[in-house]
Amino acid sequence: MIYFNEKTLEFHLTNQAMSYVFRVMDQTGTLEHLYYGSTIPHYNDFSFLIEREIRPSNNQVWGNNLTSLEHVKQEYPVFGTTDFRYPALDVEYPEGDHISQFVYQSYRIFTGKKVTGALPGTFGEKDEVEVLEITLKDHYSDLLLVLTYHLYMDEPVLTRQAKLINQGQQAVSLHQLASLSVDFPKGNYEWLHLNGAWAREAHLTREAVHLGVQHVSSTRGHSSHMHNPFLALCQPDTTEKQGEAYGFSLIYSGNFLAQIERDNYDVVRVQLGINPFQFNWQLKAGETFESPEAVMVFSESGLNGMSQTFHRFFKKHLIRSPWKDKKRPVLINNWEATYFDFTEEKILEIVDEAQQLGIDLFVLDDGWFGHRNSDTGSLGNWTENRAKLPHGLKNLSEKIHEKGLLFGLWFEPEMISNDTELYDQHPEWVLGQPDKNISHGRNQFVLDFGNPAVVEHIFEQMTQILSNVEIDYIKLDMNRYISEAYSNMLAANQQGEVCHRYIIGVYDLYERIVKNYPEILIESCAGGGARFDAGMLYYSPQIWASDDTDAVERLSIQSGLSMLYPLSTMGSHVSAVPNHQVARVTSLEMRKHVAMFGTFGYELDPTKLTSKEKKAVKQDILDYKRYQELICSGDFYRLETTDENQVAWMVVSQDKNEALVGYYQILARPNPSYERIRLLGLAKEKEYSVSEGDKKTVRYGKDLETIGLILNENYIGREQEYWSRTMPGDFHSRVFHLTAR
Ligand code: GLA
């Protein structure tokens, strides 16, 4: 429900789980933020939320000592009008100043949301989402600012977007247009973010919000391995299970900024949007600039509550692939099996073996095109490599389909190698300043995807394959950062637009693929998880989470990603040991137990498995398929463990009749403590049969949550077994399946 009080000019956006209140300030006509959090009753007058101290020592917009915007919690702050914190909007006017004052003009309330324009976004039917659009006009120019709020009815979710319209006669330079800004009152806050590097993405960090500015961001052209366009704010006593949490996610895959500023009065400003660093967009007369959309989730049931809301919300209102609710095929990818070194014969051997094992889909990764036998060339030449595939891709696909498997193919459309015809014909299509050094990354250069002709050309090349070969799945990769963001097609004063135009071009390509080949299952990827973000989920229902397939490392990566991304979106595979990224040896069982909490698959040479391993893999695939529905549609919980040596995950079906628990112990401990793990999300009154392999116990939901699963065996009467029992050792995992009786 969205209330507007004509008299007090207050807006109250509320549903059963959250409230958000702001008002128009009488003195300045700008917007003052009043409240965001748990649902509160609707008041005819929210003025009790207004706080104003007399502070003569500060700058005043005008008049009395009460108009210092520095002390006002603002809805969408600008700089240069007495608020000295970082703004949401920064416009440089033709005169060279940056002074704006956006004054409330009008509002509009309507229902339903569609995605229009060049950026991905959320969608909902008329009975699912109510929309508030506020228009403000710049006091000094003919710029209009439109702030949009989408209130989803059934979820504690509000999404926001900002739009700047230039109705004047002259261009302005837009340096920043945040997607959202929220000022939280003084409190004891902590913040969570996901960070890492290649092969160790999305590690969760939780720390106190300190005075001053703290942020995560990307300047690399994509959302990056280093940080994720997400942050959450909570209190020190917020746990997985209880307490308040506010989650913020940006639906964007380019350079972003997710920032917190705690000022000297302890107000905490959260902002998300395109990274203003070197961003400079020429907004010409008559043009409009739209920010990406940002999602705000409020939870009163801890971090798991926040995560589950994100999961449900993304599945229902962001991911649109027809695959989103279908069971995904169990795949095998040849990357770690062969790297570039394969022949058609070798591929067919892998496929034969995969068929025996019960795998559904074979994915041919890098190396099938041009003359690519290493990572030194051929990107941009998307024609089959006849030296490797003498009968061609079409024939290969037919053979694979004849064997009953689906066929998938890898592309890296945004890149170009300097040994291609395309490079010779269009050197100007490479991003970089031609008079200066242009760095390579993995021997490759970045195509100027901000240039529509480039997107058109690459799509054409892909079409030749996608329309002529039966392809069921594509992996769309991006394997380097943008270091020299310079486009030959843009004027000098537009070079600050390159990175945003680039990502719009990427979205354009993805959109064309989705529209023209709607049945193809897309898995996006960027050197592993450098583009694991909500923007990509709009096009691809699954994303390769990391190039690191080590089961232990994956515990951190997948736990981190689960903060907001559903299990059904996480590409996770069982690979060979010693693991190719860390040389760790973990059991096949543990690798399976970790990969099954995601879109399960294999990334190894099945012809090299022993017959014992093949037997196990066959069974593992059957097991996964048995639980697949539960894993992909159930509610996911990170369970609390007593130390960092353990990780535990759980999925509970919507009707609470079935659950799966994964328990992972990283290092073995001599003479260990007794371990218990408290479960979550079960029906308290229900009796569950808890099975681990052949072992079964019967327990009530209530005590599985309060006492927990008892993990140690009871050796009473079996003392002699001390000498003969096998110890689990390092990297040990267990999976329990629960069914209500
Ligand atoms: C990236 C991907 C890998 C693989 C290689 C191929 O690193 O993340 O999965 O596709 O590229 O070059």
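Which residue lies over the face of Tyr481? Select Arg220: Arg220 sits 4.6 Å from the ring centre. A charge counts as over a ring if NZ of Lys or CZ of Arg is within 6 Å of the ring centre and within 35 degrees of the ring normal. Next, select Lys326, which lies over the face of Trp323 at 4.7 Å from the ring centre.

This is a predicted model, where local features need pLDDT of at least 70, side-chain atom pairs need 80 or more, and totals for chains, interfaces and linings use all residues. Residues are numbered from 1 along each chain as its sequence is written, and side-chain values use heavy atoms, without hydrogens and water.

Now go to Phe11 and Phe22. Their ring centres are 5.1 Å apart and their planes meet at 25 degrees, so the pair is stacked (centres within 6.5 Å, planes under 30 degrees apart). Phe11 is buried at 0% relative accessibility, and Phe22 is buried at 0% too (buried: under 20% relative accessible area, 1.4 Å probe, protein chains only).

Move to the largest pocket, with a volume of about 1600 Å³. A pocket is an open set of points on a 1 Å grid over the protein atoms alone, where a 1.4 Å probe fits, with protein on both sides within 12 Å along at least five of seven lines; lining residues have an atom within 4 Å of a point. The volume is the space filled by probe spheres set on the points, which are joined across faces, edges and corners. Select Leu711, Glu713, Pro728, His732 and Arg734, the lining residues nearest its centre.

Finish at the second largest pocket, about 770 Å³. Its lining has 23 residues; Leu204, Thr641, Glu644, Gln646 and Val647 lie nearest the centre.

Conventions
Rings of Phe, Tyr and Trp (its six-membered ring) pair if their centres lie within 6.5 Å; planes under 30 degrees apart count as stacked, over 60 as edge-to-face and the rest as tilted. Buried means under 20% relative accessible area, exposed over 50%, partly exposed in between (1.4 Å probe, protein chains only).
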